Amino acid sequence: MVTELRLSAFGPHRSAVFPLGPLTLFAGPSGSGKSQALAAYEALAVLASGATLEEAFPDPRARIPDRAVPDAQRRRGFRLGCTVDGPAGPVRLDLAVQAEPTLRIVGERLSQDGQILLATALRDPGRRSVQAAWLTGGAIGVTRAPLPDDRLGTALLPLRVAGSTAGQRKVLTAAEQVVVALRAVFPCDPRPDRMRAAVPPGEGRLLGDCTNLADVLRRTRSECGTRHAMLAQAARTGCAGPVEGLGVRTPAGGGPVAAVLDRGPGRPATELARLGAGELRFLALALVLLTGPGVLAMDPAAELLSARQALTVLADGFDRGLDPRQNAELLRLALLSCGRGHIRLVAAVGEATATAARDLPGVAMVDLKA
């Protein structure tokens, strides 16, 4: 699991170190860097999945530190990193990215207990590669080879290192620990404006914007009875009016699926399309907190059993559009799920939610200043 996020020079952050617990909430005024911190975490996760820099940083100039001055070659960039704890112990990953004039990695370091396991550097600006050196041990010491300058070298090591020496095996163990932890990330931002329409039945895996909520409820109702019941119980707190359960409607001849709130005997059901934006966001976030990788549209690392992976949910604007009752219920569900060890939550919240959460045991608060 990722236990520390470091933003050495990223957006408004300089020399920032954020410890991350099972439930971590970022709070602070507008412009303090809450969204930038979550964006850094998400970018590291995207890179660990094998994506390019362009995919991880679609707007790299927005990540350049405030008031950063170009050097003599007109270069500017940013630096970020994290610490991942696991069976191998704490492993550090640090990354330096050039954003201008061209987007590329200029330096990467994977280290453990002060020992550098992988280091890359941009030696020739005219080539689209970095010079990498990783620990080999024995008479050779280190192995040197070029790596692409637009991908995370740590994620490429399992394809390049044979693991035939003790040093190589140490490098592979550390790299795989980092990749496994970063790939087990689910960025979630429910979009009520896209959640109201009926959806075609599919795999029943929730998308990051939760637009296929109805199809996922169809699946959980038939396959995950206990969690579906817990979600229905949460809906009684987070949705207006009486709620007896959550159901789905499918046309007799097949077709798009619509989710409904069961209002009880003698009362017509209410389609989710008629719910308020806050109610829809609440239901989607509650579902995420009560499920796992098998129900979410994500691709965790296959090297480790899902039961041994700690899924991390990233939620910017976690409490956006929610009332105090809904916020309190989501915090309760988050504490319940995070306390079991298989779900971690890193979220940005407003001041009202932060005030309510500061006194709750099990919540790690990160208070930022503008």
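This dialogue covers the cavities and the aromatic pairs of a predicted model.

Biologist: How many cavities of 30 Å³ or more does the count give?

Modeller: Rolling a probe the size of a water molecule over the atoms shows where empty space is left. In this model the count comes to three cavities of 30 Å³ or more. The largest cavity holds about 50 Å³ of space.

Biologist: Which residues line the largest cavity?

Modeller: The lining consists of Thr-220, Cys-224, Arg-227, His-228, Leu-231, Leu-287, Leu-290 and Thr-291. Two elements, α7 (225-238) and α8 (277-290), each give two or more residues to this lining. The largest share, three residues, comes from α7. By class, the lining has four nonpolar, three polar and one charged residues.

Biologist: What describes a pair of aromatic rings?

Modeller: The distance of the centres and the angle of the planes describe such a pair. Here the count comes to three aromatic pairs. One of them joins Phe-10 and Phe-78, which are edge-to-face at 5.4 Å centre to centre, with 85° between the planes.

Biologist: Where in the chain do Phe-10 and Phe-78 lie?

Modeller: Phe-10 is in strand β1 (residues 2-10) and Phe-78 in strand β4 (residues 76-84); the pair links distant parts of the chain, 68 residues apart. Both Phe-10 and Phe-78 are buried. Ring pairs also link Phe-10, Phe-57 and Phe-78 into a cluster.

Biologist: Why is the pair of Phe-18 and Phe-26 edge-to-face?

Modeller: The planes of Phe-18 and Phe-26 stand at 85°, and over 60 degrees counts as edge-to-face. Their ring centres are 5.3 Å apart.

Biologist: Are Phe-18 and Phe-26 buried or exposed?

Modeller: Phe-18 is buried, with a relative accessible area of 7%. Phe-26 is buried too, at 1%.

Terms used. Residues are numbered from 1 along each chain as its sequence is written. This is a predicted model: local features need pLDDT of at least 70, side-chain atom pairs count only at pLDDT 80 or more; totals for chains, interfaces and linings use all residues. Side-chain values use heavy atoms; hydrogens and water are left out. On a 1 Å grid over the protein atoms alone, a cavity is a set of points where a 1.4 Å probe fits but cannot get out, and a pocket is an open set with protein on both sides within 12 Å along at least five of seven lines; lining residues have an atom within 4 Å of a point. Grid points are joined across faces, edges and corners, and a volume is the space filled by probe spheres set on the points. Helices (H or I, at least four residues) and strands (E, at least two) are DSSP runs, numbered from the N terminus. Ala, Val, Leu, Ile, Met, Phe, Trp, Tyr, Cys and Pro count as nonpolar, Asp, Glu, Lys and Arg as charged, and the others, Gly among them, as polar. Rings of Phe, Tyr and Trp (its six-membered ring) pair if their centres lie within 6.5 Å; planes under 30 degrees apart count as stacked, over 60 as edge-to-face and the rest as tilted. Buried means under 20% relative accessible area, exposed over 50%, partly exposed in between (1.4 Å probe, protein chains only).
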